Amino acid sequence: MSGTAPTNPLAGAARLTDYWATVYRRTWKGSAVTSFVAPLFYVVAMGVLLGGFIDAEPDRLEGAASYLAFIAPGLLASQAMTTVFGETTYPVMSMVKWQKTYFSMTASPLSVREVILAQMGFVLVRVAMSCGVFLLVMAPFDVFESWVGALAAFPVQLLLALAFATPVFALSAGLADESPFALIYRLGLIPLFLFSGAFFPVANLDGWMQVLAKATPLWHGVDLTRMLTLDRFDPSTAAVHVAYLVVLAVLGWFWAVHRLTKRMVV
Amino acid sequence: MILASGLRKSFGGFEAVRGIDVDVRRGESFGFLGPNGAGKSSTMRMVAAVSPVSGGVLRILGLDPATDGPEIRARIGVCPQEDTLDTELTVRDNLVVYGRYFGLPRREVRERADELLEFVQLTDKANAKVDDLSGGMKRRLTIARSLVNRPELLLLDEPTTGLDPQARHVVWDRLFRLKQAGVTLVLTTHYMDEAEQLTDRLVVMDKGLIVAEGSPLDLIAEHSTREVAELRFGVAEEGESHEVLARKVEDLAERVEVLPDRLLLYTADGEETVAKVHERGLTPAATLVRRSTLEDVFLRLTGRTLVD
């Protein structure tokens with residue numbers, strides 16, 4: 001039997017399952033340890049120890065009963081973002097330049113679109129694992145006001161992950177080499193992590209800084225996650241957050257397809 | 001299998017392929033011979049349906065790569081110039097994972113992987129990491145991978161560039177077996193011996209154009225003499241440049257080529273020509289009489305050597 005062309009993009013992407021499963025089998029042990037240990041360290045250091053110095057007044061903490069309960073959703077959303085950056089920067093450079101894996105994939109009946117689709121699927125699996133573990137690690141710390149909210153926060157992380165994954169993938173796919181990654185981490189990831197409302201209410205920021213913080217995708221993810229775990233769900237605000245993240249994910253998708261196609265189909 | 005007419009490829013303002021006509025038939029072994037930068041790889045990438053055609057007509061297996069890229073790629077095998085193996089996967093996993101891209105069932109791919117490892121003599125390396133393989137083994141693995149979908153047409157871009165002589169011969173042996181098994185092979189090379197060994201018919205490419213076409217023997221008969229006498233002189237023999245020396249012997253051969261390090265005398269009988277050179281009182285530091293090769297054909301057609 002010789003090969004066949006896939007009948008639709010999903011069927012094409014599904015043909016990459018064995019590739020990603022092989023990659024996963026090779027790396028899951030290391031990532032399982034980090035995705036368990038990292039949140040635990042953050043929760044203990046920032047939430048329990050640092051939080052011990054902070055007077056927990058629910059009015060000043062967006063309704064959280066403790067500082068730990070305030071930052072737990074922030075850390076969860078940050079974990080989703082960090083996982084995405086880890087999967088869509090250096091690994092993408094490797095596949096497009098160092099190992100040229102994408103070139104072997106598209107020499108087969110598969111196309112650029114299907115290759116990206118499959119990789120987004122893999123990123124979602126990674127985020128689902130690390131955020132799932134995170135939720136379990138935090139559960140005993142009594143930071144969730146409701147179980148329903150905590151469960152609903154899980155798919156929010158997947159959406160937030162996609163909103164980061166498609167544009168960051170696009171950025172990485174078009175870079176000539178890896179040197180901008182250091183800058184992307186220092187001037188992108190870290191400021192997002194520190195100033196998007198994970199560690200303090202953005203209401204504490206002055207005028208334009210607050211506007212800036214509220215324009216970041218991570219803030220939308222953090223705020224949406226927090227309103228779920230603190231059981232202070234507001235449908236209209238939530239709708240804005242979801243819409244923002246969906247639009248970002250969709251725009252990022254088209255940009256990613258455009259950038260990788262331009263790089264590979266010449 | 002491949003039909004190209006007026007095929008062009010340009011990158012920005014640069015024209016890599018400037019209108020070529022090619023017709024490759026089922027079961028034949030076809031070569032693109034030419035130096036680096038002749039447009040061979042650009043042509044191969046268009047034929048592999050991964051690079052859009054800039055002009056002219058191209059049909060692969062009767063299909064148009066602009067609209068039927070996935071169908072074409074499903075039925076051909078590609079062995080790229082640079083190995084694109086996943087170096088962190090095992091040898092066997094590289095084959096199995098790749099076979100799955102073609103929509104083949106897992107069990108069939110596994111059986112096929114074992115057959116192919118046997119074929120390229122890598123069975124005992126099946127569970128090794130690709131990183132641990134030598135250059136020749138990686139090349140053989142890439143060839144095995146390109147065969148995983150039982151392709152009707154196998155494209156090989158510079159299959160032995162960068163390999164040591166022994167590894168090249170192993171690769172040639174495997175490719176020769178494929179050829180005997182009736183697989184249509186299309187390869188690019190800048191090694192004339194590779195083209196002579198593996199192709200039934202070839203085109204000589206230079207600067208994006210085809211400058212000659214035929215079987216290796218026909219091309220040699222048409223564009224060169226039976227034998228070549230190579231004369232090497234010491235550093236500036238008697239203070240004379242190669243050009244001056246060439247004029248002294250030019251009537252002894254049908255044609256004389258001046259290379260930086262030697263003179264080539266094209267003649268039907270090399271030994272006789274060398275004897276006549278000595279009769280003229282010239283004393284080359286070394287002489288070599290050999291058969292004409294495709295290298296000579298290329299030199300004749302372009303005035304340049306294949307490997308700079």
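Colleague: At what angle do H10(A) and helix H11 (residues 235–264) of chain A cross?
Modeller: In this predicted model, the two axes come within 9 Å of each other. The crossing of H10(A) over H11(A) is left-handed. The angle between the axes is roughly 140°.

Colleague: How many residues in the contact of H10(A) with H11(A) are nonpolar?
Modeller: On the H10(A) side the contact includes A:Pro217, A:Trp219 and A:Leu224. H11(A) contributes, among them, A:Val242, A:Tyr244 and A:Leu248. By class, four residues of this contact are polar and one is charged, while the nonpolar ones number nine.

Colleague: What is the handedness of the crossing of H3(A) and H10(A)?
Modeller: Helix H3 (residues 67–88) of chain A packs on helix H10 (residues 217–229) of chain A at about 135°, with 8 Å between the axes. That angle makes H3(A) oblique to H10(A). The crossing is right-handed.

Colleague: How many charged residues are there in the contact of H3(A) with H10(A)?
Modeller: H3(A) brings residues including A:Phe70, A:Gly74 and A:Met81 to the contact. From H10(A) come A:Leu218, A:Gly221, A:Val222, A:Thr225, A:Arg226 and A:Thr229. The set divides into eight nonpolar residues and five polar ones, and the charged count is one.

Colleague: Which residues of H7(A) make the contact with H4(A)?
Modeller: Helix H4 (residues 90–98) of chain A packs against helix H7 (residues 147–174) of chain A at about 35°, with the axes 9 Å apart, in a right-handed crossing. By class the contact has five nonpolar residues, one polar and no charged. H4(A) supplies A:Val92, A:Met93 and A:Val96, and H7(A) supplies A:Phe169, A:Ser172 and A:Ala173.

Colleague: Which three residues supply 24% of the area that chain B buries against chain A?
Modeller: The contact takes 26 residues from chain A and 32 residues from chain B. Between them the chains bury about 2600 Å², with 53% of it on carbon and sulfur atoms. On the chain B side, the three that supply more than any other three residues are B:Arg73, B:Thr84 and B:Tyr101.

Colleague: Which residue of chain A forms a salt bridge with B:Arg106?
Modeller: Over all chains, the whole structure has 32 salt bridges. Across the interface of chain B and chain A there are four. For B:Arg106, the closest N and O atoms are 2.7 Å apart, which is within the 4 Å cut-off, and the partner is A:Asp18.

Colleague: In which helix do B:Glu115 and B:Arg112 both lie?
Modeller: B:Glu115 and B:Arg112 form a salt bridge, the closest N and O atoms being 3.1 Å apart. The two residues are three residues apart, about one turn of the helix. That helix is H4 (residues 106–119) of chain B.

Conventions
Residues numbered from 1 in each chain as written. Chains lettered and ligands numbered in written order. Predicted model: local features only at pLDDT ≥ 70, side-chain atom pairs only at ≥ 80, totals over all residues. Heavy atoms only, no water. Axes fitted to C-alpha atoms, helices over the stretch in contact; angles between N-to-C directions. Helix = DSSP H or I, 4+ residues; strand = E, 2+ residues; numbered from the N terminus. Parallel < 35°, antiparallel > 145°, perpendicular 65-115°, else oblique. Left-handed = near helix turned anticlockwise from the far one by under 90°. Contact = heavy atoms within 4.5 Å. Nonpolar A, V, L, I, M, F, W, Y, C, P; charged D, E, K, R; others polar. Buried area = accessible area lost by both parts, 1.4 Å probe. Salt bridge = Lys/Arg side-chain N within 4 Å of Asp/Glu carboxyl O.
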